[in-house]
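This report walks through one model, from a single loop residue to the core and a helix pair. Please keep the sequence and the structure in view while reading.

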Amino acid sequence: MTTHTIRLHNIAQVKDFVNQCSGCSFEITLSSGQAVINAKSIMGLFGLDLNAPIVMRTEGEGEELAAFLKEVGKYIVETQD
C-alpha cells in the first residue's frame with residue numbers, strides 16, 4: 001500500500017483524476033476527515049472537501065502503480081511512508 005496526500009483545485013482536475021483512477025485494476029481510496037470513498041467515484045469525490053488535502057491510498061504494485069503515480073503526480077503534494 002502507498003499513501004500520498006493530493007490536492008484537486010477544480011472540476012477539470014477532479015474529472016482527470018477520476019479518469020486516471022478508473023483505468024486502474026487495483027483499489028484506490030480517498031479520505032478527508034472521517035469520510036472514506038472509492039477514488040473511481042466522481043460523485044463520492046465531489047462529496048469531499050476539496051479545499052482540504054485528501055489522503056490517497058493505493059493497493060497496486062509494480063508497473064501499473066508506477067504508471068498511475070506518474071499520471072497523477074501533478075496532484076500529489078506529499079508522499080507518506
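## A loop residue and its strand partner

D49 sits in the loop between α2 (42-46) and β4. Helices (H or I, at least four residues) and strands (E, at least two) are DSSP runs, numbered from the N terminus. The model is predicted: local features need pLDDT of at least 70, side-chain atom pairs count only at pLDDT 80 or more, and totals for chains, interfaces and linings use all residues. Residues are numbered from 1 along each chain as its sequence is written, and side-chain values use heavy atoms, with hydrogens and water left out.

D49 has a relative accessible area of 41%, so it is partly exposed. The cut-offs are under 20% relative accessible area for buried and over 50% for exposed, with partly exposed in between (1.4 Å probe, protein chains only). Not counting residues up to four places away in sequence, D49 touches S32 and I54. Contact here means heavy atoms within 4.5 Å. N10 is 39 residues from D49 in sequence, and their C-alpha atoms are 12 Å apart.

S32 belongs to strand β2. Its relative accessibility is 14%, so S32 counts as buried. Leaving aside neighbours within four places in sequence, S32 is in contact with L48, D49, A52 and P53.

M56 lies in β4. At 0% relative accessibility, M56 counts as buried. Its contacts, not counting residues up to four places away in sequence, are T2, T3, H4, I6, F17, I28, T29, L30, F68, L69, V72 and I76. M56 and T79 are 23 residues apart in sequence, and 9.6 Å separates their C-alpha atoms.

T3 is part of strand β1. With 10% relative accessibility, T3 counts as buried too. T3 touches V55, M56, R57, T79 and Q80, again not counting residues up to four places away in sequence. T3 and Q80 are 77 residues apart along the chain, yet their C-alpha atoms are separated by 5.4 Å.

## The nonpolar core

In soluble globular proteins, nonpolar side chains tend to be buried together. A nonpolar core is a set of buried Ala, Val, Leu, Ile, Met, Phe, Trp, Tyr and Cys residues joined through side-chain atoms within 4.5 Å. The largest such core has 20 residues, and I6, F17, I28, L30, L45, M56 and F68 touch the most other members. At least two residues of this core come from each of α1, β2, β4 and α3. The largest share, four residues, is supplied by α1.

What does I6 touch? Not counting residues up to four places away in sequence, I6 touches F17, L30, P53, I54, M56, Y75, I76 and V77.

Which residues of helix α3 (residues 62-72) are buried? They are L65, F68 and V72. These residues cover an arc of only 65° around the axis, which puts them on the same side of α3. The arc is that of the directions from the helix axis to the C-beta atoms. E63 and K70, on the other side of α3, are exposed.

The buried residues of α3 pack against two kinds of element. The strands are β1 (2-6), β2 (28-32), β4 (54-58) and β5 (76-80), and the helix is α1 (11-22).

## How α1 meets α3

Two packed helices are described by the angle between their axes and the distance between the axes. The axes of α1 and α3 come within 10 Å and cross at roughly 175°. Axes are lines fitted to C-alpha atoms, for helices over the stretch in contact, and angles run from 0 to 180 degrees between N-to-C directions. The two helices are therefore roughly antiparallel to each other. The scale is under 35 degrees for roughly parallel, over 145 for roughly antiparallel, 65 to 115 for roughly perpendicular and oblique for the rest.

F17, Q20 and C21 of α1 make the contact with F68, E71 and V72 of α3.

Elsewhere in helix α1 is A12. A12 has 55% relative accessibility, so it counts as exposed. A12 and I54 are 42 residues apart in sequence and 17 Å apart in space, C-alpha to C-alpha.
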